[in-house]
Amino acid sequence: MITSYSVDSLTSKFCWGASWKCWRIVFVAFSILMTVTAAAQQATNQSPSQPAARTKVVLLGTGTPVPDPDRSGPATAIVVDDRAYLIDFGPGVVRRAQSAALNRKIPAVEPGNLKVAFVTHLHSDHTAGYSDLVLTGWTSGRTVPLEVYGPPGMRSMTEHILKAYRVDIETRTNPEGNQRRFPDGAKVKAHEVEPGVIYKDEKVTVTAFATKHAMESYGYRFDTPDRSIVISGDTNPVEATINACSGCDVLIHEAQPLELPAKMPESIQSFVAKYHTTTGQLAELANKAKPKLLVIYHTVSFPPGIAPPRLLPPKGGADALYASPEMLQKEIGSQYSGKVVIGKDLDVY
């Protein structure tokens, strides 16, 4: 407790009849006392600071099957405290994870720390980084088996990848190998999922729900101590996504521009209509799901120079199949008033 004094009381107590030097000392002391008192009062009046968020969403890849150098294949990390949970592992996932660790200061996503992963479906753009995740994660420091959860076919894919790299693994774990002390890091425990709770630890509960794509596919809801996050994977709009979100903190959903698919070959148009979600459809879905934040990723959008020639319209220019973030934002915003962002690689929410 700080006692209050006035200038008069201090001077009368200490400097009655004294020289001007004493008066000067008292005034300096009084100034210091007032500064300390004001700082203490300000600290008392301030409201307690908000606790730091325990959960982060890290976009490691937001691209499509077409190799855009600015967008790696689909991959998202849910980070809770010091632990990361990976959803999909498209091309470039390990390099993007290392970049997020270094440039976004998120050590949980260093490749050696990636120990649990989930797969929405087995299309190559979502899984082509699998061997990199297994092997580079191991050589970067993972000492325990990688746990992977995904649709039927996950076990077979895992077995064949490990068989394909048998010589590498055996060489690294033989008596002269540089990984001989940590052979378990090259192992993978693959689990095939169905709708319902598929994973739970002290940090997170993960619930799978069926989506609609060209093969068996799943979206996932992550419930952590402070946030609820839903990720769609590739899908046509489904009621299960709405139910899984139902006011969730973050909904990460694919979205395709309204006009661009119509410029592509008829087979592409048909596939998009049947197995993907347009911005208009996503706006309708989000109005029902009511997420606090809607993050759009995995959008067909080809900056000049990267569109496959077979997809370009006969009279279209190099940018005929490019959808700018402003275009996507406008298409969504015309029907949905909630908070929307167009996700980019290495964004953190």
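Student: What does Asp 223 count as at its relative accessibility, buried or exposed or partly exposed?
Tutor: This is a predicted model, and in it the side chains of Asp 223 and Arg 221 meet in a salt bridge, at 2.8 Å from N to O. Buried would require under 20% relative accessible area and exposed over 50%. Asp 223 has a relative accessibility of 27%, so this residue counts as partly exposed.

Student: How many residues apart in sequence are the parts that the pair of Asp 345 and Arg 96 ties together?
Tutor: The side chains of Asp 345 and Arg 96 meet in a salt bridge with an N to O distance of 2.8 Å. Asp 345 is buried, with a relative accessible area of 11%, and Arg 96 is listed among the buried residues of H3. Because Asp 345 lies in the segment after strand E13 (340-342) while Arg 96 belongs to helix H3 (residues 93-103), the parts tied together by the pair are apart in sequence by 249 residues.

Student: Which elements do the buried residues of H3 pack against?
Tutor: The buried residues of H3 are Val 93, Val 94, Arg 96, Ala 97, Ser 99, Ala 100 and Ala 101. Just after H3, Lys 105 takes a positive phi of about 60°. The packing partners of those buried residues are strand E1 (55-61), strand E2 (75-80), strand E3 (83-87) and H5.

Student: Where do Arg 166 and Glu 170 both lie?
Tutor: The side chains of Arg 166 and Glu 170 meet in a salt bridge of 3.1 Å, taken from N to O. Arg 166 counts as partly exposed at 44% relative accessibility, and Glu 170 counts as partly exposed at 43%. An α-helix has 3.6 residues a turn, so residues three or four places apart point the same way. These two residues are 4 residues apart, about one turn of the helix that holds both, and that helix is H7 (residues 166-173).

Student: Why is H5 oblique to H6, and which residues make their contact?
Tutor: Helix H5 (residues 130-139) and helix H6 (residues 154-164) pack with their axes 10 Å apart, at an angle of about 55°. Since that angle lies between the limit of 35 degrees for roughly parallel and the range of 65 to 115 for roughly perpendicular, the two helices are therefore oblique to each other, and their crossing is right-handed. The contact is made from H5 by Tyr 130, Ser 131 and Val 134, and from H6 by Met 154, Met 157, Thr 158, Ile 161 and Leu 162.

Student: What are the classes of the residues in the contact of H5 with H7?
Tutor: H5 and H7 pack at an angle of about 10°, with their axes 12 Å apart, and that makes H5 roughly parallel to H7. In this pairing, Leu 135, Trp 138 and Thr 139 of H5 meet Asp 168, Ile 169, Arg 172 and Thr 173 of H7. By class, the residues of this contact are 3 nonpolar, 2 polar and 2 charged.

Student: What percentage of the residues of the protein count as buried?
Tutor: The protein has 11 helices and 13 strands. Of its contacts with a separation of 6 or more, 65% are accounted for by residues 24 or more positions apart. Among the 349 residues of the protein, the share that count as buried is 49%.

Definitions and conventions:
Residues are numbered from 1 along each chain as its sequence is written. This is a predicted model: local features need pLDDT of at least 70, side-chain atom pairs count only at pLDDT 80 or more; totals for chains, interfaces and linings use all residues. Side-chain values use heavy atoms; hydrogens and water are left out. A salt bridge is a side-chain nitrogen of Lys or Arg within 4 Å of a carboxyl oxygen of Asp or Glu. Buried means under 20% relative accessible area, exposed over 50%, partly exposed in between (1.4 Å probe, protein chains only). Axes are lines fitted to C-alpha atoms, for helices over the stretch in contact, and angles run from 0 to 180 degrees between N-to-C directions. Angles under 35 degrees count as roughly parallel, over 145 as roughly antiparallel, 65 to 115 as roughly perpendicular and the rest as oblique. A crossing is left-handed if the near helix is turned anticlockwise from the far one by less than a right angle, and right-handed if clockwise. Contact means heavy atoms within 4.5 Å. Ala, Val, Leu, Ile, Met, Phe, Trp, Tyr, Cys and Pro count as nonpolar, Asp, Glu, Lys and Arg as charged, and the others, Gly among them, as polar.
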